[in-house]
Structure formats: C-alpha cells, structure tokens
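Please look through the sequence and the model, then read the notes by topic.

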Amino acid sequence: MNIHYKIGTREKVRIIEVRIIEVRLYLDFCWQDRCLGPNSNLLPADEQTLMHFSALLADNLTHASIKIYLLAVRSLHIDNSLPNPLVSCLQLQRLLSPSTS
C-alpha cells in the first residue's frame with residue numbers, strides 16, 4: 001500500500017502505523033468473510049460489509065475506536081480513487097449512534 005504522508009515528526013509516523021494496522025484488519029476481514037463487491041473486488045465496500053465489520057470490532061473496541069477504523073476504510077477508498085463508502089449509509093450511522101435510552 002502506498003502511503004501519501006511525509007514522514008518527519010513522531011506524530012505522523014504513529015498515524016501512518018495505525019492507519020496501516022486498521023486497513024490491514026479490514027482487508028483481512030474482507031478476505032476471511034469473502035466480502036467481494038460487484039466485480040469480485042474487495043473495494044468498493046458496501047454498507048452491509050461495513051456494518052458487519054463494525055459489529056465484529058464492537059466485541060473488543062469502543063464506539064470511538066470503531067469510527068477510527070471506518071475512517072481508515074474511507075481513506076483506503078479515497079486513496080484508490082473510489083468514492084467515500086460512508087456516504088448515505090443510514091443503517092451504519094444508526095448502528096454507530098450512541099444509544100439514547
């Protein structure tokens with residue numbers, strides 16, 4: 001995977017390392033669960049795949065951490081000239097909304 005950040009400060013190095021880990025977990029999830037798109041590709045992700053991935057993460061991560069993983073998936077799409085997969089995902093937004101009851 002190509003990284004488009006300049007490595008200079010300690011903070012940027014950490015962001016790059018975390019992003020690689022998050023993207024790798026998503027790609028591993030897709031391969032294991034055979035989450036293939038319409039053209040038998042891993043990308044673009046559909047809403048159901050993102051919901052399933054979020055549910056898997058919910059076993060061990062906080063609400064805020066799951067959002068960070070989804071932002072890494074968003075970045076993966078944008079880096080590959082694909083549209084943001086988080087747009088118009090009403091069910092996913094509902095799943096990630098904190099409970100008010």
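Arg24 counts as exposed, at 52% relative accessibility, where exposed means over 50% relative accessible area, buried under 20% and partly exposed in between, with a 1.4 Å probe and protein chains only. The side chain of Arg24 meets that of Asp28 in a salt bridge, at 3.2 Å from N to O. This is a predicted model, in which local features need pLDDT of at least 70 and side-chain atom pairs count only at pLDDT 80 or more, while totals for chains, interfaces and linings use all residues. Residues are numbered from 1 along each chain as its sequence is written, and side-chain values use heavy atoms, with hydrogens and water left out.

**Salt bridges**

- A salt bridge is a side-chain nitrogen of Lys or Arg within 4 Å of a carboxyl oxygen of Asp or Glu, and the count by this rule is 2.
- Side chains of opposite charge can pair when their charged atoms come close.
- Asp28 and Arg24 lie 4 residues apart in helix 1, so about one helical turn separates them.
- Asp28 counts as partly exposed, at 29% relative accessibility.
- Another salt bridge joins the side chains of Asp79 and Arg19, at 2.1 Å from N to O.
- That pair links distant parts of the chain, with Asp79 in helix 3 and Arg19 in helix 1, 60 residues apart.
- Arg19 is buried, with a relative accessible area of 6%, whereas Asp79 counts as partly exposed at 32% relative accessibility.

**A buried charge without a partner**

- Glu22 is located in helix 1, which covers residues 10-33.
- Glu22 is buried yet has no salt bridge, and the nearest side chain of opposite charge, Arg19, is 6.7 Å away; here Lys and Arg count as positive and Asp and Glu as negative, while His and the chain ends are not counted.
- With neighbours within four places in sequence set aside, Glu22 is in contact with Ile68, Tyr69 and Ala72, contact meaning heavy atoms within 4.5 Å.

**Helix 2 against helix 3**

- Helix 2 (residues 47-58) packs with helix 3 (residues 63-79) at an angle of about 145°, and their axes are 10 Å apart.
- Axes are lines fitted to C-alpha atoms, for helices over the stretch in contact, and angles run from 0 to 180 degrees between N-to-C directions.
- Leu50, Phe53, Ser54, Leu57 and Ala58 of helix 2 meet Ile66, Tyr69, Leu70 and Val73 of helix 3.
- The residues of this contact divide into 8 nonpolar, 1 polar and no charged, with Ala, Val, Leu, Ile, Met, Phe, Trp, Tyr, Cys and Pro counted as nonpolar, Asp, Glu, Lys and Arg as charged, and the others, Gly among them, as polar.

**Leu57**

- Leu57 has its place in helix 2 and is buried, with a relative accessible area of 6%.
- Apart from neighbours within four places in sequence, the contacts of Leu57 are Leu25, Ile66 and Tyr69.
- Leu57 and Tyr26 are 31 residues apart in sequence, and their C-alpha atoms are 9.9 Å apart in space.

**The chain as a whole**

- The chain has 4 helices and 0 strands, where helices (H or I, at least four residues) and strands (E, at least two) are DSSP runs numbered from the N terminus.
- Of the 101 residues of the chain, 31% count as buried.
- Among contacts in the chain with a separation of 6 or more, 51% are between residues 24 or more positions apart.
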